[in-house]
Amino acid sequence: MTTASPILDGIRILDMTSVIFGPYCTATLAEMGADVVKIESCSGDEIRRVGQPVVTRGMGPAHMTLNRGKRSVVWDLKTPRGIAALRRLVKRSDVFIHNLRSDAIERLGLTYESAKAIRPDLVYVHCSGFGEGGPLAGKPAYDDIIQAASGAASLLPRTDGNPAPRFLPMAMADKVAGLHATYAVLGALLHRERTGLGQAVEVPMFESFTHFLMQDHLYGRAFVPPNDTAGYPRQLDPLRQPVKCLDGYLSIAPYTDARWVRFFEVTDQAGFLQREGLTSARERFNALDRMQAELARIVAGKPLRYWLELMAQHDIPAAEVKGLNEVLDDPHLQAVGFFRRKTHATEGDYLEMRPPVRFHGAPSKEVAGAPLLGEHSEALVRWLEEEP
């Protein structure tokens with residue numbers, strides 16, 4: 001059975017988040033069909049200016065990605081008219097999501113209890129840096145801060161011998177926390193559907209990212225008393241890296257014991273597994289570093305295409321190491337229509353990414369381009385004043 005509407009059609013979200021964490025969540029919800037109204041300051045969300053020259057309409061590349069499908073509203077929240085409009089919008093919204101600090105949300109008169117008085121079944125989501133009850137509660141947090149505090153910045157030194165802590169080069173904590181916020185919204189909406197009750201939801205970035213990071217890296221500290229240190233050795237093996245062939249780099253991931261054995265067989269190196277410490281599955285598991293080093297030695301002698309074809313023939317996962325620009329031409333992504341060329345009313349042609357999750361029982365939503373700052377302000381005011 002299929003429905004005639006997108007999965008979140010009819011759900012209205014009042015979005016007072018900025019930068020990446022919250023906007024990634026609300027962009028995902030907009031792709032699922034929700035009507036997202038983004039409230040911005042007169043200067044706009046900071047992400048609008050990332051990657052743009054000084055003179056701009058506030059349509060930076062990250063804004064084009066993170067805020068597409070939303071409506072932008074700029075109201076002066078220091079005036080009675082602006083506050084009145086905001087409160088009317090709260091009443092007509094299913095979800096209110098913000099990343100404001102406690103003093104700021106109190107000044108607006110929109111703590112959970114205040115917002116609940118306006119709409120009793122409201123789903124109220126607070127995207128914070130650190131969870132309530134801890135000594136860091138209320139402190140500001142950015143991706144760099146969370147990568148440092150969570151242990152993420154200590155990972156690369158354990159794989160390459162350079163002792164300097166380093167960030168993983170992406171806004172990983174922001175985006176991971178944004179996905180936690182997405183399922184939090186969906187879970188709260190399902191709870192409301194079942195019970196008729198709204199609720200307050202807290203999504204702290206530090207806890208969200210640490211929860212994500214430690215799924216494998218808690219490792220030996222998962223037991224009390226510990227039977228090993230934290231840090232999943234298989235992920236931290238310095239040799240478990242892309243390997244160099246004659247004309248490039250690739251990743252080969254035999255992973256299971258059967259595939260490791262097959263790799264050495266199809267490369268005519270089965271004798272390697274007859275060496276001491278490599279003759280059983282348990283021994284091989286404990287000697288993955290030796291096998292990885294031998295794999296690198298073998299691969300160095302032939303070109304990339306040879307290895308990709310041989311691995312495909314024998315069902316051993318392998319992939320070419322690509323640069324970011326090359327990913328846009330990936331044959332698989334092209335075949336599934338992942339990158340799509342669209343035309344923005346003011347910015348011209350741009351690329352959008354198709355949502356990776358498909359709901360086959362509901363149509364996808366045609367998502368509009370990112371809004372200009374305050375593009376929908378007056379229209380929303382008129383609509384709210386007309387509503388009973």
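The model shown here is predicted.

**View 1. The whole protein at a glance.**
Welcome to the structure! The protein has 17 helices and 11 strands. Its C-alpha atoms fill a box of roughly 80 × 50 × 50 Å along the principal axes. Of the 388 residues, 41% are buried. Looking at contacts between residues at least 6 apart in sequence, 67% join residues at least 24 apart. The protein exposes about 21000 Å², and carbon and sulfur atoms supply 57% of that area.

**View 2. An open sheet with parallel pairing.**
In what order do the strands of this sheet lie? Reading across, the 6 strands follow the order β3-β2-β1-β4-β5-β6, and the sheet is open, with parallel pairing. Strands β3 (70-74) and β6 (199-204) stand at the edges with a single partner strand each, so one side of each has no neighbour in the sheet. From one strand to the next, the twist averages 20°.

**View 3. Strand β1 and its partners.**
Start with β1 (residues 12-16), which pairs with β2 (residues 35-40) in the parallel sense over 4 bridges. Here L14 has V37 of β2 as its bridge partner. Strand β1 also runs parallel to β4, joined to it by 4 bridges. In that pairing, look for M16, which stands opposite H98 in β4.

**View 4. Strand β4, with buried side chains pointing both ways.**
In a regular strand, side chains alternate between the two faces of the sheet. Strand β4 (residues 95-98) lets you follow its side chains one by one: V95 and I97 point one way, while F96 and H98 point the other way. Are these four residues buried or exposed? All of them are buried. Strand β4 pairs with β5 in the parallel sense, again over 4 bridges, and F96 stands opposite Y124 in β5.

You will find I7 in the segment before β1. This residue counts as partly exposed because its relative accessibility is 43%.

**View 5. A cis peptide bond at P225.**
Follow the chain to the loop between α9 and α10 (233-236), where P225 is found. The peptide bond from V224 to P225 is cis, with omega near -5°.

**View 6. Two aspartates with positive phi.**
Our last stop takes in two loops. D268, in the loop between α11 (257-266) and α12 (281-285), has a positive phi of about 60° although it is not a glycine. With a relative accessibility of 69%, D268 counts as exposed. D315 lies in the loop between α14 (304-313) and β9 (318-320). Its phi is near 55°, a positive value in a residue other than glycine. D315 is partly exposed, with a relative accessible area of 49%.

Technical notes:
Residues are numbered from 1 along each chain as its sequence is written. This is a predicted model: local features need pLDDT of at least 70, side-chain atom pairs count only at pLDDT 80 or more; totals for chains, interfaces and linings use all residues. Side-chain values use heavy atoms; hydrogens and water are left out. Two strands pair if DSSP finds at least two bridges between them. Axes are lines fitted to C-alpha atoms, for helices over the stretch in contact, and angles run from 0 to 180 degrees between N-to-C directions. Buried means under 20% relative accessible area, exposed over 50%, partly exposed in between (1.4 Å probe, protein chains only). Contact means heavy atoms within 4.5 Å. Accessible areas come from the Shrake-Rupley method with a 1.4 Å probe; for residues, only the protein chains shown count as cover.
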